[in-house]
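This briefing goes through a protein model topic by topic, for a reader who will want to check each point against the coordinates. Please keep the sequence and the structure open alongside the text.

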Protein chains: 2
Amino acid sequence: MMRTRPLKVALLGCGVVGSEVARIMTTHAADLAARIGAPVELAGVAVRRPDKVREGIDPALVTTDATALVKRGDIDVVVEVIGGVEPARTLITTAFEHGASVVSANKALLAQDGAALHAVAEEHGRDLYYEAAVAGAIPLIRPLRESLAGDKVNRVLGIVNGTTNFILDKMDSTGAGYQEALDEATALGYAEADPTADVEGFDAAAKAAILAGIAFHTRVRLDDVYREGMTEVTAADFASAKEMGCTIKLLAICERAADGGSVTARVHPAMIPLTHPLASVRGAYNAVFVESDAAGQLMFYGPGAGGSPTASAVLGDLVAVCRNRLSDATGPGESAYAALPVSSMGEVVTRYHISLDVADKPGVLAQVATVFAEHGVSIDTVRQQGKDGEASLVVVTHRASDASLTGTVEALRKLDTVRGVASIMRVEGE
Amino acid sequence: MMRTRPLKVALLGCGVVGSEVARIMTTHAADLAARIGAPVELAGVAVRRPDKVREGIDPALVTTDATALVKRGDIDVVVEVIGGVEPARTLITTAFEHGASVVSANKALLAQDGAALHAVAEEHGRDLYYEAAVAGAIPLIRPLRESLAGDKVNRVLGIVNGTTNFILDKMDSTGAGYQEALDEATALGYAEADPTADVEGFDAAAKAAILAGIAFHTRVRLDDVYREGMTEVTAADFASAKEMGCTIKLLAICERAADGGSVTARVHPAMIPLTHPLASVRGAYNAVFVESDAAGQLMFYGPGAGGSPTASAVLGDLVAVCRNRLSDATGPGESAYAALPVSSMGEVVTRYHISLDVADKPGVLAQVATVFAEHGVSIDTVRQQGKDGEASLVVVTHRASDASLTGTVEALRKLDTVRGVASIMRVEGE
């Protein structure tokens, strides 16, 4: 029952991902047609530099006028792989207004304006799919919003940034410091010249906002996501983690509060036990661990970036959106009916690993323990090490709110016997 | 835009999975309605023992006449969690004929009659979904047939049977023998009184047939799947595996031949490197590792069985099928357009780990090596250990066809100096 009139696809952007999308559309045309039920045709490619040679792409399809392309009116699906908020937002909105569905890989845009774009898509009866926006090739958005649609997700713990996972894995396996590991990541092409978006957690925060929104059927804005980078993680932190049977990962954590009445989303480095499935995620790989009421613990693992993996996710969406076009249906749109309040970081409850430099004299531990008790933070274990009149105290707490922990640390800093707070690290995944 | 007339669901079977499906449909009714766009109503429950007390299920809904239930004509979706081929097959067929879509968790039926059932579903314009049939709660069928629809899958390596993974993990971690580990699995409820379907690989073979069919867009019959159980795996095999930096797993392996022209599906125990993501899948967990052209290496991990996890998968399908009903569309049906030939086990190419008991005298290694060479099987490493006039030879080969290896082993057995072939184990995941 193959339809012969092809579905027309406009490609916005022809960089690492876009060129791979175009290549696969050509080389796998027969497979795509069989799986969709109609052929798909690349109808136009909007680029910034029209003179660049693009192997396998008919120069007649190339244009610098992306707006005219999405306004043509005969485009069935627009694939947006430009990235960044503008002009992508305006182009996608225009595409919906002119009858196209949209497949996007744009995490920044989706995290910031997902709700508004979904509204425009729905108004025009079109699809907005964006599997490639989170964790590259790993099927994640479809499983969360479709496979787990009959379940209740309570927590999402993700390694969603390959650059920082590469750096942390390198620090863990070689004992290197942050700068040394970053330099190697840059040399190997895993880190950009300006690594800020990755190492400061901005990239992961955008993905956390998207994941939390889908997991909890609640709008979570980028501003709602607490964000802490991993540039302060030291070799000493890894040594402490090892003593606890842990490693350190930069995690995106989306959680439903224990009472179910609110949610939180945050990105920060954290210790996780070596026995946790996320601990063995190496190099630039990504993985997302999902805990739900009925399914229990699931993990999705794979390459989080790169031209081919991202193209795989884009093309999976393209097939789905094309199938929907053929049957005049739309897939799941935004699901934000739960509309749960998003709590601030102070309300997050977790465990903490705190290293203190203290005076090596009697009574210090008692003083420190008193401060913890006064702030309602219960201590699980303390390790004390003395050397030359100085000593270090390593405290691991039971579960406590971030606000209580912050109060505890402020009070500790005021103690004469505490010379400094060497590090504070959250402990997750237990 | 909530529709007020509810979608009617008939539940066939109310055991461990069915009762959990019914429970979640009741307790999460509001969430399901919001996600579907209409309320869902449990319209009938077919059981064998009507007198059993079923908490939370209105006794008025319970019937022993499953046929009458699926013939009612007002049922939108039939959820089949009876298992086994008959009467499930007839009931599902009847359900399609009377206008219902079907969600099934029935791996045996799908592996044997998937093509025929898909044909009936398509004829009546209805959906047949069965995420729960493979690897319980793990989203796998939807990612394979939708997320990877724009990619080319080359290999699927799965731990798809929790019972055998529990047993093998126990043998690996404690040094226990097969019988001891099986006894513990039985005592803990991980193995059934008659464990044949699990330990002989029948269960995994059914899942391999389903996965291969979806991954390669090709019909793969249960008879096409080579099957070898794991009852012969010994503590000595685990010791050998450890020396190679490996562990042993029962794997379901679906592969596209290197030339792309055919596929194979098989289930057998195999050594895999400890560095492979599947090696760290512990206890009764399942995981499926997928290799594709564009996405690269993906892994899906989670609980492979149990009432709640299986119910999660069933309900995810239920939401999708209900959404399709509301928009008068159907999801992806059978995709078998590629129709690749399914090759026999003899054509499978992999590496082998062979332990031989040999006479401890000069020239034995030369004799053995000659036999390998004559059959075109190239040797990677040999380890020789002597003790009291006897010796063992451990040979690890390069990649060779199963037929060549079989010929080699037959010839080895005929050598006077070879007292016995202690074990042959395939080496995968490299």
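In the UniProt record, an unreviewed entry, the feature "domain: ACT" is placed at residues 353–426 of chain A. In this predicted model, that stretch of chain A is 32% helix and 47% strand, and its end C-alpha atoms lie 6 Å apart.

**Salt bridges within and between chains**

- Over all chains, the count of salt bridges comes to 52 by the rule used here.
- One of them joins Arg351(A) to Glu430(A), whose closest N and O atoms are 2.4 Å apart.
- Because Arg351(A) belongs to strand β13 (residues 349–359) of chain A while Glu430(A) sits in the segment after β17 (418–427) of chain A, this pair ties together parts that are 79 residues apart in sequence.
- Two salt bridges are found across the interface of chain B and chain A.
- The side chains of Arg142(A) and Glu146(B) form a salt bridge with an N to O distance of 3.7 Å, which falls inside the limit because the rule asks for a nitrogen of Lys or Arg within 4 Å of a carboxyl oxygen of Asp or Glu.

**The interface between chain B and chain A**

- The size of an interface is often expressed as the accessible area that is lost when the parts come together.
- Chain B and chain A bury about 3,800 Å² between them, and 55% of this area is on carbon and sulfur atoms.
- Of the area that chain B buries against chain A, Arg35(B), Tyr301(B) and Tyr337(B) supply 16%, more than any other three residues.
- In terms of contacts, 48 residues of chain B touch 48 residues of chain A.
- Between the two chains there are 20 residue pairs in polar contact, counted with both residues at pLDDT 80 or more.
- On the side of chain B that touches chain A, at least two residues each come from α2 (29–36), α6 (141–147), β12 (296–303) and α12 (307–326) of chain B.
- Sorted by class, that side of chain B holds 25 nonpolar, 13 polar and ten charged residues.

**The six-stranded sheet of chain A**

- Chain A has an open sheet of six strands in the order β3-β2-β1-β4-β5-β6, with parallel pairing.
- The edges are taken by β3 (62–63) and β6 (128–129) of chain A, each of which has a single partner strand, so one side of each is left without a neighbour in the sheet.
- Strand β5 (residues 101–104) of chain A runs parallel to β6(A) and is joined to it by two bridges, with Val102(A) standing opposite Leu128(A) in β6(A).

**The six-stranded sheet of chain B**

- In chain B, an open sheet of six strands has the order β3-β2-β1-β4-β5-β6, again with parallel pairing.
- Since β3 (62–63) and β6 (128–129) of chain B stand at the edges with a single partner strand each, one side of each is left without a neighbour in the sheet.
- Strand β1 (residues 7–12) of chain B pairs in the parallel sense with strand β4 (residues 77–80) of chain B over four bridges, and the bridge partner of Val9(B) in β4(B) is Val77(B).

**Local backbone features**

- The peptide bond from Glu86(A) to Pro87(A) is cis, with omega near 10°, and Pro87(A) lies in the loop between β4 (77–80) and α4 (88–97) of chain A.
- In chain B, the peptide bond from Glu86(B) to Pro87(B) is cis, with omega near 5°, and Pro87(B) lies in the loop between β4 and α4 (88–97) of chain B.
- Ala339(A), a residue other than glycine, has a positive phi near 45°, and its place is in the loop between α12 (307–326) and β13 of chain A.

Note on methods:
Residues numbered from 1 in each chain as written. Chains lettered and ligands numbered in written order. Predicted model: local features only at pLDDT ≥ 70, side-chain atom pairs only at ≥ 80, totals over all residues. Heavy atoms only, no water. Contact = heavy atoms within 4.5 Å. Buried area = accessible area lost by both parts, 1.4 Å probe. Polar contact = N/O pair within 3.5 Å; in protein donor to acceptor, adjacent residues only side chain to side chain. Nonpolar A, V, L, I, M, F, W, Y, C, P; charged D, E, K, R; others polar. UniProt positions renumbered as here; feature names shortened; annotations may be inferred. Pairing = 2+ DSSP bridges.
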